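Please look at the sequence and the structure together while reading.

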Amino acid sequence: MTSPSASTPLFGRIVTAMVTPFGADGALDLATAARLADHLVNTGSDGVLVCGTTGESPTLSWQEQDELLREVKAAVGARAMVLAGTGSNCTEEAVAASRRALALGADGALLVVPYYNKPPQAGLEAHFRAIADSVPDLPLMLYNIPSRTGCTLLPETVGRLLNCSNVRAFKAASGTVEEVTNLRAACGSSLAIYSGDDTLTLPMLSLGAVGVVSVVSHLEGLRLRAMIQNHLTGQAAAALAQHDQLLPLMRALFVQPNPIPVKAALEQRGWSVGAPRLPLLAADASLKAHLHDLMQSLEADSTAAGQTLSP
């Protein structure tokens, strides 16, 4: 069987976990969402994920999530994959959301491990299997992020879920590269593993991951894409140099809870995406200054490379 790293995976190499733009009144700004999705596709993203953690899904109503998916899909069309975050700690809600996403034209769904209620592995397996069975035509990416959910989806459980034909990918956000090795041991090459942490993209690629569900790609998509391409073509030194260049910004985007920093950075790039909804807050002056300095140090090189840095 061909290794996932040797061919283009279903969702591509870079899926941007897109912020959700809000107006001054806190309402969805669908026009800006459409423009931002188009911009992301034009600057290196193979896919766009709406209604994930970066998209503030906990504070979006289901109606808002459906509207956002519809608008982004219309803006992107067939040029890139559009995934919807349809996970929930209620299986019935996740099934309903996944069915709506399929009906609205989503190319895939991201399913986070159920949070707060901390189900056992058998419960997790039954949860994901129920969703997969309800939308057999919708490709699914499972999402493990124990720091937010209080629960870990084990590789052995993922391996058993691969007999659902639409379980195709996995977002690895445990904070350790060992997760990739353990998943490959349990699942072989039939599971496309994505880094769920920008800072770990390059090391995870070296262990068999196929790409990244990214936040930094809002700002440096072409440089991130070049890093991945250099890795895939054996140009290790160039990939490492690009990783080192991006690392300070990657880290800065998580010094406060996501998406506080990336929304502030986008505002500095001319994107009026609004502040996060409560209980998150807008970035403080210190963080804004730090982000400004980091982006200034990258901007000249990015512009020289041909990346569009503003709307």
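**A guided reading of the model**

Just after helix α1, Gly-44 takes a positive phi of about 110°. Helices (H or I, at least four residues) and strands (E, at least two) are DSSP runs here, numbered from the N terminus. The model is a predicted one, in which local features need pLDDT of at least 70 and side-chain atom pairs count only at pLDDT 80 or more, while totals for chains, interfaces and linings use all residues. Residues are numbered from 1 along each chain as its sequence is written, and side-chain values use heavy atoms, with hydrogens and water left out.

The chain averages a pLDDT of 94, and 94% of the residues score at least 70. Over residues 1-6, however, pLDDT stays under 50, and it also stays under 50 over residues 307-311. Where pLDDT is low, the predicted coordinates should not be read in detail.

Helix α1 itself covers residues 30-42 and has 13 residues. From its first C-alpha to its last it reaches 18 Å, close to the 18 Å expected at 1.5 Å a residue; the expected span is 1.5 Å times one less than the number of residues. Which residues of α1 are buried? They are Thr-32, Ala-33, Ala-34, Leu-36, Ala-37, His-39, Leu-40 and Val-41, where buried means under 20% relative accessible area, exposed means over 50%, and partly exposed lies in between (1.4 Å probe, protein chains only). These buried residues pack against β1 (14-17), β2, α2 and α9.

Ser-217 is buried, with a relative accessible area of 1%. Leaving out residues up to four places away in sequence, Ser-217 touches Ile-14, Thr-16, Leu-40, Ser-45 and Leu-224; contact means heavy atoms within 4.5 Å. With Thr-16 there is also a polar contact from side chain to side chain, at 2.6 Å. A polar contact is a pair of N or O atoms within 3.5 Å; within protein, one must be able to donate a hydrogen and the other to accept it, and residues adjacent in sequence count only if both atoms are side-chain atoms.

Arg-79 is found in the loop between α2 and β3 (81-85), and at 42% relative accessibility it counts as partly exposed. Beyond four places in sequence, Arg-79 is in contact with Asp-38, Val-41 and Asn-42. Its side chain makes a polar contact with the side chain of Asp-38 at 2.7 Å, and it also reaches the backbone oxygen of Ala-75 at 3.1 Å. The C-alpha atoms of Arg-79 and Asn-89, ten residues apart along the chain, are separated by 32 Å.

The loop between β2 (47-50) and α2 (62-76) holds Cys-51, and Glu-56 has its place in the loop between β2 and α2 as well. Although neither is a glycine, phi is positive in both, at about 65° for Cys-51 and about 60° for Glu-56. Cys-51 counts as buried at 4% relative accessibility, and Glu-56 is buried with a relative accessible area of 3%.

The interior can now be considered. A nonpolar core is a set of buried Ala, Val, Leu, Ile, Met, Phe, Trp, Tyr and Cys residues joined through side-chain atoms within 4.5 Å. The largest such core has 80 residues, and those with the most contacts inside it are Met-18, Val-50, Val-72, Leu-142, Leu-224, Leu-249 and Leu-253. Apart from it lies another core, of 17 residues, among them Ala-17, Met-81, Leu-83 and Tyr-143.

Helix α10 (residues 236-252) has 17 residues and reaches 24 Å, close to the 24 Å expected. Its buried residues include His-243, Leu-246 and Leu-249. At Leu-246, shortly before the proline Pro-248, lies a kink of about 40°; the bend at a residue is the angle between axes fitted to the seven residues ending there and the seven starting there.

Two cis peptide bonds complete the tour. One joins Asn-258 and Pro-259, with omega about 10°, and Pro-259 is found in the loop between α10 and α11 (260-268). Another joins Leu-278 and Pro-279, with omega about 15°; Pro-279 is found in the loop between α11 and α12 (285-304).

Note on methods
pLDDT is the predictor's confidence in each residue, from 0 to 100.
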